Amino acid sequence: MSEQSEILPTRQSMGGIAEQLTGIPLHFPADRRWVIAMTVASALLLLLIVSVVELFTRGVGIWGINIPVNWAFAIHNYVWWLGIGHAGTLISALLLLTGSEWRNSLNRFAETMTLFAVVCAGIYPILHLGRPWYVYWMLPYPATMGVWPQFRSPLEWDIWAVLTYLTVSLAFWYTGLIPDLAAARDRATRRGWQIFFGVAALGWRGSARHWQRWQQAYRLTAGLAVPLVVSVHSEVSLLFAAGQIPGWHSTIFPPYFVLGAAFSGFAVVSIIAVSLRSWFGLKNLVTDDHLDVLGVVLLATGLMTGYGYVFEVFDAIYSGEPHEIQTLVDRFAGAYAWTYWGAVIFNFIPLQALWLRRVRRSGWMLLLISASVVVGMWLERYMILVTSLYRDFLVSSWSHFTPTFWDWSTYFGTIGLFLVPFLIAIRLVPMISIFESKELLHEEKEEHQHG
Amino acid sequence: MAEQLYGALAEFSTPEDLLAATRKAREAGYRYLDAFTPFPVEGLDRISRFPRPTISFIGLGGAIAGAGTALAMQFFTNFDYPLNVGGRPIYPVSAFAVVTFELTILFSALAMLFGMLWQNWLPRLSYPVFNGERFHRASKDRFFLCVSAEDARFDASETLAFLNGIGALSVELVPE
């Protein structure tokens, strides 16, 4: 192993890690902050409920969408949320397979983030349906009408991709959680917690035979999750690229979307990592070295996304298609140029500070840069959607899009939909993988002793 | 002490001690061994001579079932309700690729999760070793070797003495 194996301070004991991490759900240390965060999150969730009730009562006309901009916030935020989710799977699955030690302190809350981000993404296409109570029409069931769903339609692919992604993420998350639930069960003293963790851990006892099968299942599921992430976001971008709208009809879209997704997702992972370690005093497990690696990954995925920006311009010019070039000019200088330049500024300017090691190792700086990336990627998805749609081939069909109050309230509401279950999860399950941290600590101590 | 015994449990403080003890136990002729550890210990399955896990085959079966289900579903729905959209083919394999891929992964992942639980006999909320006095540390920082009472060489006092002799921190008998 390289010097990277020194990512956890070796002074701590295995038992100490178990006590510390199971202590977070069992004896919650940050009550006041949690209550404040939960109040804000619940208010946002309430806003979502109000917005959805209003939407279901009055229809999608309450949003600013029109013809030709018939997809706006719904698909824009769908892509944005789904993208955020992807970093969680990449951290837990890809880094598990490549054996990166720095994964262990981050994977659990990254996976948790994935689950709830995918839920936020998943509700958007349903809300966008004119008649959302017919969403079950997407599934093949023997209807009396004799009609089946149209599997040749990209929109039908969506529901399979998102449901699969959600289910597999949940399975992967829970598989990794079982041993830690058992550790929490063995530490619990109050009856309620004993029952909760006892049932949730399914009677896990750390038997060598169990570990053997468990490891194989966990690794193979990780192996499946990596192509799944790529396929889900490629599928989303195929919905765009398969259309003929100028600005979307581009082969760069699948990799460009996947990398942009990883970029925004790693930004949110950094935000959560910095927040959790300061909330719960986890600096011994989420060390400055972890922030350093997150900074490097953020910089790398950011530069790859930047390549997508450059290629998009090249693609339009090289095609020589007047409408493609018109869309390009609209992005640079049209009515929504602020989204393009906003994306460029928020995504790439603060990012360059991450070349400095000192910046990467500072929690605050990483937090600010990540927040900027999250905003930048949100603007980018806005730009991709609206600048392509508002002016297509016919001048007679040109129109503008202005988000209404209900667009915004639904969007901010989904942040509540993300935060409420996330905050509940923090209270219920260990947010850092206990057994993997111990495994790593043991390896490092070995390394230390034997040189 | 109960009449029926599950086995003898020996506690060790490091995975290396556990591996060494397992090796000695096998050399002494014990065959019915299990270990309980806070994280997977590398090499333990080899020393204990556990059979190779078969989760990968379950996963492969799930993948084939998933791909088959997806393709059958898509071909059938288009066969049962053929819709001509701009003269495009009714059975376009390229358009079926996404859903087929997703279901392959979905079925495979779920098959492996449930296969793992099923082969491990989980959920089983109660298990004899949970009665062990110090067993709660198996999920914390201790490594336990268990010699089952079903082992041909098992003899309560002799096995305890043997486990003490190979450097266990503590030994105890676990009732069934």
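Predicted model: local features only at pLDDT ≥ 70, side-chain atom pairs only at ≥ 80, totals over all residues.

Me: Which helix gives the most residues to the lining of the largest pocket?

Reply: That pocket has a volume of about 1000 Å³. Its 40 lining residues include Gln215(A), Glu439(A), Glu443(A), Pro40(B) and Glu42(B), the closest to its centre. Two or more residues come from each of H3, H7 and H15 of chain A and from each of H1 and H2 of chain B. The top contributor, with nine residues, is H15(A).

Me: Great! How many residues in the lining of the second largest pocket are nonpolar?

Reply: The second largest pocket has a volume of about 820 Å³. Of its 34 lining residues, the closest to the centre are Leu129(A), Val135(A), Met138(A), Leu155(A) and Ile159(A). Helices H4 and H5 of chain A and H3 of chain B each supply at least two lining residues. By class, six of the lining residues are polar and three are charged, while the nonpolar ones number 25.

Me: And which helix gives the most to the lining of the largest cavity?

Reply: Three cavities of 30 Å³ or more turn up in the whole structure, and the largest has a volume of about 100 Å³. Among its 19 lining residues, Pro179(A), Trp204(A), Thr37(B), Ala138(B) and Ser139(B) are the closest to its centre. The elements that give two or more residues are H5 and H15 of chain A. With six residues, the one that gives the most is H5(A).

Note on methods. Residues numbered from 1 in each chain as written. Chains lettered and ligands numbered in written order. Heavy atoms only, no water. 1 Å grid on protein atoms, 1.4 Å probe; cavity = no way out; pocket = protein on both sides within 12 Å on 5 of 7 lines; lining within 4 Å. Points joined across faces, edges and corners; volume = space filled by probe spheres on them. Helix = DSSP H or I, 4+ residues; strand = E, 2+ residues; numbered from the N terminus. Nonpolar A, V, L, I, M, F, W, Y, C, P; charged D, E, K, R; others polar.
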